[in-house]
Amino acid sequence: MSLLLWPDGTPNALGNEPEDLPTLVPYLAEGNGGPNAAVIVCPGGGYARRAQHEGEPVALWLNSLGISAFVVHYRVAPYRHPNPLMDAQRAIRTVRSRASEWKVDPGRVGILGFSAGGHVASSAGTHYDAGRSDAEDPVERFSSRPDLLVLCYPVISFGAHAHQGSRSNLLGEHPDGALVELMSSELQVTEDTPPTFLWHTADDASVPVENSLLFASALSRNKVPFELHVFESGRHGLGLAGEQPGVRAWTEVCASWLQQRGF
């Protein structure tokens, strides 16, 4: 089941093809007598595509933890900022607006992302609002602030350690300096940024580990709870990393962290 995020018309749509119309795919966890926590999943792909192995398999892993998951098919190139962020914010609002229907707890809605999807997630965690109580669209009345972030080998910074493909696809070839700063998530962290779990590999040849280190450092300065795991070696884009000794432990430590956070 795939749901249009904007059933009454997608803002800034360039056409009416599937790639113009962002969607949300629910993977609801089995009921345990009460509402479940929820996590929105943002696959990576350099803002050029969305990697399938970072979507449904991750949602099913979250289901195994008793967490309902929602894979968001956010817009990618030729769409640029602010469209992917708008799609993520809309996904969070949508889950909260349908919480009773989907048997999820609107106070336990997190967001998880890989690579460029990690940038989508970190952007959602640093650019949000409480909703507009007077909005005609009832979905827009809900908060877009996630309750926690899970960032997997994320694109974070568009400065010295940028993943150039993601930066170009999202911001254009020659973006304004103020826009680069605005969308460098480590520069947007505040004391209100949600608690965060990060993992990366030290020898990631595509998205330098400094991206996670910069975000963790910003969280530390702002006294935001976080957990950071840097594994010695592993290629970029491992997803659940089931075939990668050592790195595959990220799912276990993340599951423990999620449980500690009430998810």
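**Exercise 1. Which helix and which strand each supply at least two residues of the lining of the largest pocket?**

Before we start, a word on the model: it is predicted, so local features need pLDDT of at least 70 and side-chain atom pairs count only at pLDDT 80 or more, while totals for chains, interfaces and linings use all residues. Residues are numbered from 1 along each chain as its sequence is written, and side-chain values use heavy atoms, with hydrogens and water left out.

*Step 1.* Get the terms clear. Helices (H or I, at least four residues) and strands (E, at least two) are DSSP runs, numbered from the N terminus. A pocket is found on a 1 Å grid over the protein atoms alone: it is an open set of points where a 1.4 Å probe fits, with protein on both sides within 12 Å along at least five of seven lines, and lining residues have an atom within 4 Å of a point.

*Step 2.* Name the elements. Strand S1 (3-4) and helix H2 each supply at least two lining residues, and H2 gives the most, with three.

*Step 3.* Look at the space itself. The largest pocket holds about 200 Å³, where a volume is the space filled by probe spheres set on the grid points, joined across faces, edges and corners. Its lining has 14 residues, and the closest to the centre are Leu4, Leu5, Pro7, Arg90 and Val139.

*Step 4.* Sort the lining by type. It divides into seven nonpolar, three polar and four charged residues. Here Ala, Val, Leu, Ile, Met, Phe, Trp, Tyr, Cys and Pro count as nonpolar, Asp, Glu, Lys and Arg as charged, and the others, Gly among them, as polar.

**Exercise 2. How many residues of helix H4 (residues 116-126) are buried, and what covers them?**

*Step 1.* Count. In H4, 11 of its 11 residues are buried; among them are His119, Val120 and Thr126.

*Step 2.* Find the cover, using contact (heavy atoms within 4.5 Å). The covering elements include the strands S3 (36-42), S5 (104-114) and S6 (149-152), along with the helices H2 (83-97), H5 (164-171) and H7 (210-221).

**Exercise 3. Which residues touch the most other members of the largest nonpolar core?**

*Step 1.* A nonpolar core is a set of buried Ala, Val, Leu, Ile, Met, Phe, Trp, Tyr and Cys residues joined through side-chain atoms within 4.5 Å.

*Step 2.* Among the 44 residues of the largest core, Ile40, Val95 and Ile111 touch the most other members. H2 gives the most to this core, with five residues.

*Step 3.* Zoom in on valine 95. Not counting residues up to four places away in sequence, valine 95 touches Leu24, Ala38, Ile40, Phe70, Trp102, Val104 and Val109.

*Step 4.* Move on to the second core. This separate core has 30 residues, including Cys152, Phe197, Leu238 and Leu258.

**Exercise 4. How many disulfides does the structure hold?**

*Step 1.* Know what to look for. A disulfide is a covalent bond between the sulfur atoms of two cysteines; the test used here is a pair of cysteine sulfur atoms within 2.5 Å.

*Step 2.* Apply the test. The structure holds zero disulfides. For cysteine 152, the nearest cysteine sulfur is that of cysteine 254, 6.6 Å away.

*Step 3.* Check the surroundings of both. Cysteine 152 counts as buried because its relative accessibility is 0%. Cysteine 254 also has 0% relative accessibility, so it counts as buried.

**Exercise 5. Is lysine 103 buried or exposed?**

*Step 1.* Locate lysine 103: its place is the loop between helix H3 (99-102) and S5. Its phi is near 55°, a positive value in a residue other than glycine.

*Step 2.* Lysine 103 counts as exposed because its relative accessibility is 56%.

*Step 3.* Alanine 241 counts as buried because its relative accessibility is 5%.

Notes:
Buried < 20%, exposed > 50% of the residue type's maximum accessible area, 1.4 Å probe, protein only.
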